[in-house]
Amino acid sequence: MKKINIAIDGPASSGKSTVAKILAKDYGFIYTDTGAMYRSVTFMAIKHEVAFSDELGLVELIHRYPITFKQSEVGQLVFIDGEDVTLAIRKSDVTNNVSEVSAHELVRKELVKQQQTIAKDGGVVMDGRDIGTAVLPDAEVKIFLVASVVERAERRYKENQAKGIKTDFETLKTEIEKRDYIDSHREVSPLKQAEDAILIDTTGKTIAEVVTMIKAVVSQKG
Ligand code: C5P
């Protein structure tokens with residue numbers, strides 16, 4: 001398999017990371033979760049008491065505390081300056097503030113640089129909001145995944161239940177809608193389908209069906 005780059009974008013909980021991980025495993029590519037990087041900056045801001053509005057303060061955190069990924073048997077782990085934050089960056093204090101942090105131009109500039117370095121030799125499946133439009137505009141394959149907000153909230157609700165986390169369905173749905181609104185209305189690299197991306201609506205589809213559809217695209221372009 002040629003070492004191409006595959007960009008997967010879409011709104012919150014549209015199934016991006018689930019299918020991206022499967023594709024990376026099947027092709028022997030590197031999976032990069034760019035959302036985890038913005039979440040890590042938000043986590044650092046909370047920990048070090050830097051305001052979400054303090055753009056330069058956030059950039060300083062990125063310079064001071066490197067974000068790294070490590071593959072393990074239980075999946076991809078995220079570390080900040082050596083501390084395992086894999087679970088901490090999924091908590092609601094991070095989720096509900098990450099869109100404010102990710103809207104800053106300088107924060108994006110720093111993280112995009114790191115993402116482009118990871119993908120420079122190809123063989124990467126990268127998921128996010130601006131991969132096809134800004135991070136890897138030359139990616140060989142670009143996919144834009146969408147699903148109805150009700151289905152996305154249901155998936156998140158079930159995931160939380162399985163993890164033993166109690167959540168309210170309506171609250172989850174409102175949080176997803178709010179995050180999508182901010183992400184798609186920000187000035188810098190808003191969540192948007194790239195002109196040359198293939199749109200896949202995952203509503204009512206199984207993970208296997210979506211993976212098969214993307215593999216069909218890859219086999220044409222790869
Ligand atoms: O993918 P995930 O839901 O973990 O992303 C968390 C947040 O990070 C998004 O809601 C968005 O604000 C930000 N993000 C971004 N650009 C990316 C990936 C994520 O702005 N490429």
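Predicted model: local features only at pLDDT ≥ 70, side-chain atom pairs only at ≥ 80, totals over all residues.

Reader: OK. Which helix is Val210 in?

Author: Val210 sits in helix H10, residues 207-221.

Reader: And is Val210 buried or exposed?

Author: Val210 has 23 other C-beta atoms within 10 Å, so it is buried. The cut-offs: buried takes 20 or more other C-beta atoms within 10 Å of a residue's own, exposed takes 12 or fewer, and partly exposed is in between, with C-beta atoms placed from the backbone.

Reader: What is Val210 in contact with, leaving aside its neighbours within four places in sequence?

Author: Those contacts are Gly15, Val19, Ile200, Thr202 and Lys205. Contact means that the C-beta atoms of two residues, placed from the backbone, lie within 7 Å. Leu145 is 65 residues away from Val210 along the chain, and their C-alpha atoms are separated by 9.2 Å.

Reader: Which strands does H10 lie across?

Author: H10 lies across S1, S7 and S8, and runs at about 160 degrees to S7. For angles like that, axes are lines fitted to C-alpha atoms, for helices over the stretch in contact, and angles run from 0 to 180 degrees between N-to-C directions.

Reader: What's the strand order in that sheet?

Author: It's an open sheet of five strands, S2-S6-S1-S7-S8, with parallel pairing. Strand S2 (30-33) and strand S8 (198-201) are at the edges with a single partner strand each, so one side of each has no neighbour in the sheet. From one strand to the next, the twist averages 20 degrees. Two strands count as paired if DSSP finds at least two bridges between them.

Reader: How many bridges join S1 to S6?

Author: Five, between strand S1 (residues 5-9) and strand S6 (residues 124-128), running parallel. Ala7 is opposite Met126 in S6, and Ile8 is opposite Asp127. S2 is also joined to S6, by four bridges and again parallel, with Asp127 as the bridge partner of Asp33.

Reader: How many of the residues in S6 are buried?

Author: Five of its five. Val124, Met126 and Gly128 point one way from S6, while Val125 and Asp127 point the other way. In a regular strand, side chains alternate between the two faces of the sheet. Helix H1 (residues 16-27) lies across S1, S2, S6 and strand S7 (141-146), at about 175 degrees to S6.

Reader: Switching topic: what's the order of the three-strand sheet?

Author: S3-S4-S5, an open sheet with antiparallel pairing. S3 and S5 are the edge strands, each with a single partner strand, so one side of each is left without a neighbour in the sheet. H2 packs on this sheet, touching S3 and S4, and its direction makes about 35 degrees with that of S4.

Reader: How many bridges join S3 to S4?

Author: Six, linking strand S3 (residues 67-72) and strand S4 (residues 75-80). The two form a hairpin with two residues between them, and Phe69 has Val78 as its bridge partner. In the hairpin of S4 and S5, Asp81 takes a positive phi near 50 degrees.

Reader: What about H3, which of its residues are buried?

Author: In helix H3 (residues 55-64), they're Leu58, Leu61 and Ile62. Seen down the axis of H3, they fall within an arc of 100 degrees, so they line one face of the helix; the arc is that of the directions from the helix axis to the C-beta atoms. They pack against helix H2 (34-47), helix H5 (98-102) and helix H6 (105-118). The face turned away from that buried side carries the exposed Leu56, His63 and Arg64.

Conventions. Residues numbered from 1 in each chain as written.
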